[in-house]
Amino acid sequence: MRHVLHTGQTHCYDATGAEIVCQGSGHDGELQHGAPWPLVRFEVHGPVAVDHLTGLTWTLDANIGEFPCTWLKAFDHVASLNIQHYGGYTDWRLPNRNELRSLVSYQAKNPALPADHPFTNIFLGWYWSSTTAAINPAYAWSVHLEGARMFYGRKDQESLFWPVRGTGNGLLPRTGQQRCFDVLGRGIDCAGTGQDGDLKLGSPWPSPRFMVRGDMVHDRLTDLFWCRHADLTGEPVNWQQAIAAVRQWTSQRTEDTLLWRLPTINELASLVDCDFHSPALLSEHSFTGVRVSYWTSTTSCFETDWAWVLYLDKGACGVGHKPLPSFYVWPVGEAVQKEGEVD
């Protein structure tokens, strides 16, 4: 699968949070879709660590600034690292939200990082990204390393920052953000800001990105297929009902050549265009019946009776309590790989 990472989840949990056998569950931990992690993911070189999954280089010290700071101060601190040639490099920057989320393991908490990570001075709090929140440009996206939530915070408030460098290996796509904003949310010229809308790093999106195929839409960036009507159940359901609804719907598609399932949090988040909100989708998307929020097949390892949810009005990654009928269902499909084919 192109441009979608494996979440790292390898275990399965029922609606009460109890661990269960994965086989036949339809959970993220059973199917483990997405680009697999290398056996040795991180390689340390002095004060930096190379992530062999994405090709990005991070400071080994996850709290190199020592203290929380505002969004604009985070850019200033990163610029000072370049002046110092920190680690021998002069191209450090604040990561965009796709890059920052790429470090997360959804099989971990406190911190929500891969078990074999080499990083030091990890703070169990919010870390800034360079991506502005389109729903309110006075806010920017950040990731909480205690449990992996991604939400937005006011740019004049204080969070940590974690510098990154390099353009990666092409696995991570762009966020879609094209514009830049100041701390008050006013549009500004992007040149030289170091914001996501200035650098636009990541693999470019194909044009057109979405192609209608009957009652499906093919995402040419990820090679995933989505139901064109983005509301399978017609009403909010609980998590177990969401998984069952996809299974039942799939059983009726006897002529279908795709494998359908409840998407992982990384698959649903891959749809987000960070230049838009309500919904946070490319303005030329081809979907109907788009709802505010959706269940995923990924359990929250912070509290395993909760599961990950994409809030598509904002583009945020949060959680929902599995027993409550709170969210909608949007199946994802993938072409069956024939024996001998190479992905």
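Predicted model: local features only at pLDDT ≥ 70, side-chain atom pairs only at ≥ 80, totals over all residues.
Visitor: Where does N63 lie?
Guide: N63 sits in the loop that runs between strand 5 (57–59) and helix 2 (71–83).

Visitor: Is N63 buried or exposed, and why?
Guide: N63 has a relative accessible area of 16%. Buried means under 20%, so N63 counts as buried.

Visitor: Which residues is N63 in contact with, leaving aside its neighbours within four places in sequence?
Guide: With those neighbours set aside, N63 is in contact with T120, N121 and L160.

Visitor: Let us change topic. How many salt bridges does the structure hold?
Guide: There are 13 salt bridges in the structure. One of them joins the side chains of R93 and E99, at 2.7 Å from N to O.

Visitor: Are R93 and E99 buried or exposed?
Guide: R93 is buried, and E99 is buried as well.

Visitor: Which side chains meet R261 in a salt bridge?
Guide: The side chain of E267 meets R261 at 2.3 Å, N to O. The side chain of E334 also forms a salt bridge with R261, at 3.4 Å, N to O. This second pair links distant parts of the chain, with E334 in strand 19 (residues 332–335) and R261 in strand 15 (residues 258–261), 73 residues apart.

Visitor: And why do E334 and R261 count as buried?
Guide: The cut-off is under 20% relative accessible area. E334 has 17%, so E334 is buried. R261 has 7%, so R261 is buried too.

Visitor: Which residues do salt bridges that share partners join into one network?
Guide: Such a network is made up of D215, R253 and D256.

Visitor: Now the cavities. How many are there of 30 Å³ or more?
Guide: The count is two cavities.

Visitor: What lines the largest cavity?
Guide: Its lining has 24 residues, and H3, N98, R101, L172 and N266 lie nearest the centre. Helix 3 (97–101) and helix 6 (265–269) each supply at least two residues of this lining. The largest share, three residues, comes from helix 3. By class, the lining of the largest cavity has 13 nonpolar, seven polar and four charged residues.

Visitor: Which residues line the second largest cavity?
Guide: The lining of the second largest cavity includes E99, L171 and L172. E99 is also the salt-bridge partner of R93.

Notes
Residues numbered from 1 in each chain as written. Heavy atoms only, no water. Helix = DSSP H or I, 4+ residues; strand = E, 2+ residues; numbered from the N terminus. Buried < 20%, exposed > 50% of the residue type's maximum accessible area, 1.4 Å probe, protein only. Contact = heavy atoms within 4.5 Å. Salt bridge = Lys/Arg side-chain N within 4 Å of Asp/Glu carboxyl O. 1 Å grid on protein atoms, 1.4 Å probe; cavity = no way out; pocket = protein on both sides within 12 Å on 5 of 7 lines; lining within 4 Å. Points joined across faces, edges and corners; volume = space filled by probe spheres on them. Nonpolar A, V, L, I, M, F, W, Y, C, P; charged D, E, K, R; others polar.
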